[in-house]
Each structure stands twice: as structure tokens, then as C-alpha cells.
Amino acid sequence: MKPKVYITRRIPNEIIQKLKEMCEVRMWNEEEEPVPREVLEKEIIDSDGLFCLITESIDKELLEKANQLKVVSNMAVGYNNIDIEVAKEKGITVTNTPGVLTETTADLTFALIMATSRRLIESSDYLKKGNWKTWSPMQLTGHDIYGSTLGIIGLGRIGESVARRARGFDMNVLYYNRSRKPDAEKELGLNYTDMDTLLEESDFVCIMTPYTTETKNLISQRELSLMKKTSILINTARGGIVDEAALYEALKIGTIWAAGLDVFEQEPVSLDHPLLTLPNVVVLPHIGSASIKTRMKMAELAADNLILALQSQTPKYVVV
Ligand code: DGY
């Protein structure tokens with residue numbers, strides 16, 4: 001008998017076919033609507049494998065309903081949506097998709113650096129709204145990227161790729177990480193600092209750390225107050241790492257200059273969220289890894305992880 005797999009969103013056909021070769025597949029066949037919780041709660045009962053996204057909360061309550069679940073394959077590198085401890089206790093393998101999205105997410109991080117510092121969205125709106133009457137010396141002026149200081153909080157794969165891009169812009173790169181990375185320091189010319197020094201000295205602060213109980217609200221009012229008035233905060237990691245109320249205040253009163261956000265504490269972010277009212281914030285709907293090639297690779301890797309775990313082999317990327 002084939003193992004039963006539930007997929008929580010419509011994924012590319014090739015991947016469904018691949019899974020169907022060895023599994024009995026059921027799927028929430030929608031692209032823009034997440035699977036309702038009650039459907040997931042029902043589907044999990046007799047599933048052997050779950051192919052899920054960051055939009056699903058795979059919590060204790062859900063995992064306790066699973067009678068025969070062997071693997072949860074998250075189509076993401078981050079896995080803060082999954083209760084890892086409970087999965088471990090229950091002997092459920094959890095897998096993720098690192099590596100394949102590194103460069104794409106680093107590209108998007110750099111896109112936000114450029115969009116915020118050079119006011120790209122604001123300038124485009126200015127033109128489209130008919131405000132462009134003449135060229136003027138200080139019109140829509142921003143801040144230079146080249147020669148500036150970039151501070152990376154969390155030097156994982158994506159952080160290193162952002163640092164690599166920064167070299168092309170002659171940036172001075174600082175980083176803060178739980179452990180030092182001497183090889184990366186040497187290869188990329190990075191300077192290790194404590195977090196406060198990084199916040200004080202950087203023109204761009206990029207958050208690239210995983211979201212855990214330790215990193216929740218890591219950037220709050222105190223941290224923002226250490227940053228330069230001309231500095232820019234970029235978050236392509238997870239929304240909850242930044243205290244959004246404190247960020248709103250800092251941007252509004254000019255404690256910092258701008259922010260580029262691809263992630264929010266609550267996603268999708270509510271349209272009446274105060275951050276959305278500020279001209280100095282560039283907001284994106286969590287598209288860090290959203291290139292066609294990369295999303296295909298993530299789906300393929302998530303499927304491979306799932307199949308290997310169901311075959312009692314070691315998946316490529318195991319969280320627990
Ligand atoms: C991840 O993989 O964790 C991203 O946030 C979605 O690409």
C-alpha cells in the first residue's frame with residue numbers, strides 16, 4: 001500500500017506527479033487560499049506525510065491528532081511554523097529546504113537595500129502621480145550604497161550571500177552572529193562586532209537570523225535608538241524579530257531613515273497596519289525566495305525530503 005501524503009497548497013504539476021509515483025496524494029487544490037485549519041486537522045489524522053508551507057501552523061494540537069505521521073516536509077528554510085519539540089517527542093521527522101533559495105533571497109535583500117536608499121517606489125509613484133515638473137538639485141535624494149557600512153545580524157547562508165554582493169558595492173561589512181565565522185571573515189573581509197556596535201555603526205542593518213524565542217523582538221525601541229538617523233533597516237527573515245510598533249514610531253519620528261520589509265509579524269499584514277502609511281517604508285508580501293526557478297527547486301527538494309523520509313532513508317535536510 002502506498003503511503004498517504006497531504007499537500008497543503010496547489011504545487012506545480014511535475015512535483016505532484018513525482019509524489020504520486022510512490023504516494024497516495026491528497027491536496028488542498030488552491031493557490032491563493034491557505035488550507036482551512038479544520039480541513040488540515042481532518043487530513044492529518046491518517047496521513048503518513050505532510051507537505052506544508054510556512055502559512056500552516058504545525059503545532060502541538062495538530063501533531064497530536066496525527067496517528068501515523070512520519071514526516072513533515074516544510075517547503076521553506078525557516079521552520080518557526082512547526083513545533084519541533086513535539087515533532088521530536090513523537091518521532092516525526094521534520095525537513096526543510098535550505099540552500100536552494102539562498103541567492104534568490106540575497107538578491108531580494110539587496111533589492112530592498114536599493115529601493116529604500118534610493119527611494120525607488122516613492123520616486124516611481126511621484127512620476128506616475130504627475131508630480132514630476134522639473135529636474136531639481138535635491139529632489140528625491142537618498143543615500144549612497146557604495147562605500148557605506150552594512151551590518152548583518154545572523155550570518156547564515158543568506159547573510160554570507162548578501163555580504164558577497166556588498167563587496168561589489170565597496171561596502172564595509174560588519175556582522176553579528178552567535179558564533180564567529182573566521183573563514184567567512186577572511187574570504188569576504190567581514191568584521192565581527194557585538195550587536196550594539198553593529199547597530200551604531202551601520203548604514204544598513206539587515207536582519208538574517210532565524211525566528212526563535214530568543215530572537216523575538218530582537219530589534220525593539222532600544223536597538224532602534226542606537227541606529228544612525230540616516231540608517232535603514234531591512235528585514236527579509238521573519239516579522240516577529242522586529243517590534244513593529246517600535247519600528248513605526250522610529251520611522252515616524254526620524255530615529256532611523258527608512259525600512260524595507262518583506263516579512264511581518266502577522267501575514268498577510270493587515271491593510272490598516274500603521275507601517276503601511278509611511279512613505280519611508282518599502283513593503284513586500286514575503287517574496288524573498290519568489291523566483292520561478294527557486295520556487296521550483298524548493299518544491300522539488302521538499303518532495304525529495306518527503307519521499308526519502310517515507311522510504312525510511314535520510315532526507316537531504318533534516319531539522320529533527
Ligand atoms: C523560507 O524559506 O523560510 C522563506 O521565508 C520562504 O521562502
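**View 1. Salt bridges between side chains.** The count of salt bridges comes to 22, where a salt bridge is a side-chain nitrogen of Lys or Arg within 4 Å of a carboxyl oxygen of Asp or Glu. This is a predicted model, in which local features need pLDDT of at least 70 and side-chain atom pairs count only at pLDDT 80 or more, while totals for chains, interfaces and linings use all residues. Residues are numbered from 1 along each chain as its sequence is written, and side-chain values use heavy atoms, with hydrogens and water left out.

**View 2. The salt bridge of Asp 304 and Lys 18.** The side chains of Asp 304 and Lys 18 meet in a salt bridge, at 2.7 Å from N to O. Asp 304 lies in helix α12 (residues 292–310) and Lys 18 in helix α1 (residues 13–22), so this pair ties together parts that are 286 residues apart in sequence; helices (H or I, at least four residues) and strands (E, at least two) are DSSP runs, numbered from the N terminus. Asp 304 is buried, with a relative accessible area of 18%, whereas Lys 18 counts as partly exposed at 30%. Here buried means under 20% relative accessible area, exposed over 50%, and partly exposed in between, with a 1.4 Å probe and protein chains only.

**View 3. The salt bridge of Glu 187 and Arg 164.** Glu 187 forms a salt bridge with Arg 164, and the closest N and O atoms are 3.5 Å apart. The pair links distant parts of the chain, with Glu 187 in helix α8 (residues 182–188) and Arg 164 in helix α7, 23 residues apart. Glu 187 is partly exposed, with a relative accessible area of 46%, and Arg 164 is partly exposed, with a value of 35%.

View 4. Five strands form an open sheet in the order β2-β1-β3-β4-β5, and the pairing is parallel; two strands pair if DSSP finds at least two bridges between them. The edge strands, each pairing on one side only, are β2 (24–27) and β5 (93–95). Strand β1 (residues 4–7) pairs with β2 in the parallel sense over four bridges, and Lys 4 stands opposite Glu 24 in β2. Lys 4 is also linked with Arg 26, Glu 43 and Asp 46 in a network of salt bridges.

**View 5. The tilted pair of Phe 110 and Phe 169.** The count of aromatic pairs comes to three. One of them is formed by Phe 110 and Phe 169, which is tilted, with 5.0 Å centre to centre and 35° between the planes. Rings of Phe, Tyr and Trp (its six-membered ring) pair if their centres lie within 6.5 Å, and planes under 30 degrees apart count as stacked, over 60 as edge-to-face and the rest as tilted. Phe 110 counts as buried at 6% relative accessibility, whereas Phe 169 counts as partly exposed at 27%.

**View 6. The edge-to-face pair of Tyr 175 and Tyr 192.** Tyr 175 and Tyr 192 form an aromatic pair that is edge-to-face, with 5.1 Å centre to centre and 70° between the planes. This pair links distant parts of the chain, with Tyr 175 in strand β7 and Tyr 192 in strand β8 (residues 191–192), 17 residues apart. Tyr 175 counts as buried at 0% relative accessibility, whereas Tyr 192 is partly exposed, with a relative accessible area of 28%. Ring pairs link Tyr 175, Tyr 176 and Tyr 192 into a cluster.
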